[in-house]
Amino acid sequence: MSKRDYYEVLGVDKNASVDEVKKAYRKLARKYHPDVNKEADATDKFKEVKDAYDTLSDPQKKAHYDQFGHTDPNQGFGGGGDFGGGFGDIFDMFFGGGGRRNPNAPRQGADLQYTMTLEFKEAVFGKDKEIEIPREETCQTCTGSGAKPGTKPETCSHCGGSGQLNVEQNTPFGRVVNRRVCHHCEGTGKFIKEKCTTCAGKGKVRKRKKISVKVPAGIDHGQQLRVSGQGEAGTNGGPPGDLYVVFNVKPHEFFEREGDDIYCEMPLTFAQVALGDEIEVPTLSGKVKLKIPAGTQTGTDFRLRGKGVPNVHGRGQGDQHVRIRVVTPKNLTEKEKDIIREFAQMTGGQPDEQNDSFFAKVKRAFKG
Ligand SMILES: [Zn+2]
Ligand SMILES: [Zn+2]
């Protein structure tokens, strides 16, 4: 089951003050404290209440929760295609809460999930993007009642408005009573004599809705953003669900990203690393000069501070790492080969053993 909304857990409004959150927490904590409450699920409920309080009482955590929701991407979705989830509510409606839930109570709409593909740099710098999602919205003609304007839905006479029927069956073991969803009203507890023609009595219509999403700078592949109130419409006047945008960030041909740091590899010639040089390195925000000291080895990592990705939670900026790769020349001319042979003779044809511990290790390995 998906994690419950923290505001719902504490029963407070999204604009509730810290005091109101505290008050709601104290009341529920007293009710579910395992020392007091001996019901089987009291411990779980107490933990849930405490988690909600820990998040909503801390302004920073609250802001983060409002923007990203429950950050574990495995929670709350049905997974699969671009649009998942939303079945929790339907399940709850018919079978949840011991089957005694009032079908006429306001219920929050289902959450939606949308996968947004971003270019590498769009994720780094952020962007306003418009998306179009198919979702259920409250029918404007009947304002969600499903009844023709001027008429009202009536209470279902078969189930008395509970949305459920007791079905008795005779079995070899005796008489069994089963609770079933009332098929006359499909569990809604209501009967609509004259249906609204716009929504055919459903109270909701499926629409493609354009939503503009503010993609924050520094968002990374697999992370999600919560767009509050943009999920499916609620039932019986309940609030709408939320829209969760999950990001799929395309790779870049030169830059690689790990968290807030950027990695790239610069090919250099033997002459450049042996003699030293000043080179230009591309970064996400333009070219930067980098001094290569004489005697730089292949694999050396230079760090360009602050040239990485801005942290999505506003905690500073990453670095760019430039890894040096020395390129061995190919297709040498005879003259070039002669010069290199001459060079090899001058240096004895072996790496400088005294100055390089790696080659010293290799030499010791040969001696056994
Ligand atoms: Zn019924
Ligand atoms: Zn309608």
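Me: Which residues does the UniProt annotation "binding site" cover here?
Reply: In the unreviewed UniProt entry, that annotation covers Cys156, Cys159, Cys182 and Cys185. They span 30 residues in sequence, yet no two of their C-alpha atoms are more than 9.1 Å apart, so they gather at one spot. Bear in mind that the model is a predicted one.

Me: And what are the protein donors of the zinc ion (ligand 1)?
Reply: The donors are the SG atoms of Cys156, Cys159, Cys182 and Cys185, which lie 2.3 Å from the zinc ion (ligand 1). In sequence these donor residues follow the spacing C-x2-C-x22-C-x2-C. Cys156 sits in the loop between strand E3 (154–155) and strand E4 (164–171), and Cys182 in the loop between strand E5 (174–181) and strand E6 (190–191), so this pair ties together parts that are 26 residues apart in sequence.

Me: OK, what about the site of the zinc ion, is it tetrahedral or irregular?
Reply: The site is tetrahedral, with angles of 101 to 117° among the four donor atoms. For four tetrahedral donors the ideal angle at a metal is 109.5 degrees.

Me: Changing topic: is Cys182 buried or exposed?
Reply: Cys182 counts as buried, because its relative accessibility is 0%, and Cys156 counts as buried too, at 3%.

Me: Which residues does Cys182 touch, leaving out those up to four places away in sequence?
Reply: On that basis Cys182 touches Cys156, His158, Cys159, Gly163, Gln164, Leu165 and Gly187.

Me: And which ones is Cys156 in contact with, leaving aside neighbours within four places in sequence?
Reply: Cys156 is in contact with Gly161, Cys182, His184, Cys185, Gly189, Lys190 and Phe191.

Methods:
Residues are numbered from 1 along each chain as its sequence is written. Chains are lettered from A and ligands numbered from 1 in the order in which they are written. This is a predicted model: local features need pLDDT of at least 70, side-chain atom pairs count only at pLDDT 80 or more; totals for chains, interfaces and linings use all residues. Side-chain values use heavy atoms; hydrogens and water are left out. Donors are N, O and S atoms within 2.8 Å of the metal (3.2 Å for Na, K and Ca); water is not among the atoms, so sites may look incomplete. Four donors count as tetrahedral if all angles lie between 85 and 135 degrees; four count as square planar and six as octahedral if opposite donors are over 155 degrees apart and all others between 65 and 115; anything else is irregular. Helices (H or I, at least four residues) and strands (E, at least two) are DSSP runs, numbered from the N terminus. Buried means under 20% relative accessible area, exposed over 50%, partly exposed in between (1.4 Å probe, protein chains only). UniProt positions are given in the numbering used here, feature names are shortened, and annotations may be inferred rather than shown by experiment. Contact means heavy atoms within 4.5 Å.
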